[in-house]
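Hi,

Here is the structure I promised to pass on. Have a look, and my notes follow below.

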Amino acid sequence: MHDKYKIAIGIILVILFVVGTCYYVDASRTENTISIGVLHTDHDAPAEIAEAQGLYKKEGLNVEIRQFNNGGDLMTAMASGDIDIGYLGISPVLSTYSKGAPVKIVSAVQTGGSSLVVRANENISSIEDLKGKTVATIGETSIQYILLTKYMKENGMDINDIKHIAMKSSTMTGALGANQLDAMFVPEPYASVAVVAGVGKVLVSSEEIMPNHPCCVIATSDSFIKTHPNELKKILAIHEKATNFVNENPDKAVKILPRDMVIDENVQKNTLSQLNFISGLSPEFKQSVLDFATLEVKLGFLNTTIDSSKLFYDI
């Protein structure tokens with residue numbers, strides 16, 4: 001490998017480490033502030049784009065964007081009233097909802113978009129080769145962890161056959177490159193960044209494990225729906241507008257995303273153009289969420305089936 005390429009990889013890994021150690025909380029939040037939680041991946045791009053374009057301010061909304069390590073932490077913050085709205089995977093929402101928490105899914109965000117990436121310098125060509133290896137996801141309530149469990153079970157394995165650890169997405173590529181991980185199941189852009197940096201290779205994509213699976217949604221509490229109906233309506237309209245912008249202009253979108261979110265512009269132009277960003281709650285998307293909930297029951301992540309009449313809220 002050329003020295004110039006090695007230096008480029010090193011720079012990428014350092015950036016990932018620095019980004020991964022940052023956690024933003026705005027202590028200046030007031031009663032009139034609407035707090036939107038994100039996981040700071042390409043999956044949340046519409047929320048970040050809306051903020052960067054000033055769409056919330058144009059609608060008279062005082063919004064703060066807050067980053068979380070995983071959806072479980074975000075839902076805990078929502079349950080405590082510290083977060084009003086969240087962009088996150090459906091799994092932590094389903095887990096929270098199944099425990100009786102008054103939360104609703106109010107819009108789809110995107111489908112698919114994750115991959116199981118293994119170390120490029122290790123001889124791993126199948127899921128069986130990961131037995132006894134260290135594999136990271138963003139947490140046990142994440143979609144990635146559930147799809148990993150599904151894939152292992154389908155191949156005659158158990159999740160306990162690996163050493164699972166939970167990490168923030170942006171720290172995983174650095175850990176993979178430092179040989180601290182054997183594999184990681186991550187959302188974009190981190191899977192593609194690892195491949196381009198030469199430290200990882202895709203073993204299987206999430207779409208190969210479960211075609212057209214739902215991923216991120218917008219969730220909020222029953223309380224916010226009841227007390228801020230007009231604000232929620234505006235936020236969902238903004239989400240639709242930002243979603244259309246990302247779908248139609250991935251090259252422009254990557255240039256206005258927060259700089260600490262853009263690891264490699266060329267990589268992320270590609271990932272943004274390939275991600276299936278959507279808005280609203282179509283019957284097809286609702287059914288895909290219920291199908292995923294059924295999978296979670298089958299795998300033991302949920303105890304009972306989900307009452308769909310109370311899970312979704314259509315504006």
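The side chains of Thr-271 and Asp-42 make a polar contact at 2.7 Å (a pair of N or O atoms within 3.5 Å; within protein, one must be able to donate a hydrogen and the other to accept it, and residues adjacent in sequence count only if both atoms are side-chain atoms). Bear in mind that this is a predicted model, where local features need pLDDT of at least 70, side-chain atom pairs count only at pLDDT 80 or more, and totals for chains, interfaces and linings use all residues. Residues are numbered from 1 along each chain as its sequence is written, and side-chain values use heavy atoms, with hydrogens and water left out.

Thr-271 sits in helix H13 (residues 265-274) and is buried at 3% relative accessible area. For the cut-offs: buried is under 20%, exposed over 50%, partly exposed in between (1.4 Å probe, protein chains only). Helices (H or I, at least four residues) and strands (E, at least two) are DSSP runs, numbered from the N terminus.

Beyond its neighbours within four places in sequence, Thr-271 is in contact with Asp-42, Glu-188, Pro-189 and Ser-192, contact being heavy atoms within 4.5 Å. Two of those deserve a look at the backbone: Glu-188 and Pro-189 are joined by a cis peptide bond, omega about 15°. Pro-189 lies in the loop between strand S9 (183-187) and helix H8 (190-197).

Now for phi. His-40, not a glycine, has a positive phi near 60°; this residue is buried, at 4% relative accessibility. Asn-179 also has a positive phi, about 60°, but is partly exposed at 43%.

Cheers
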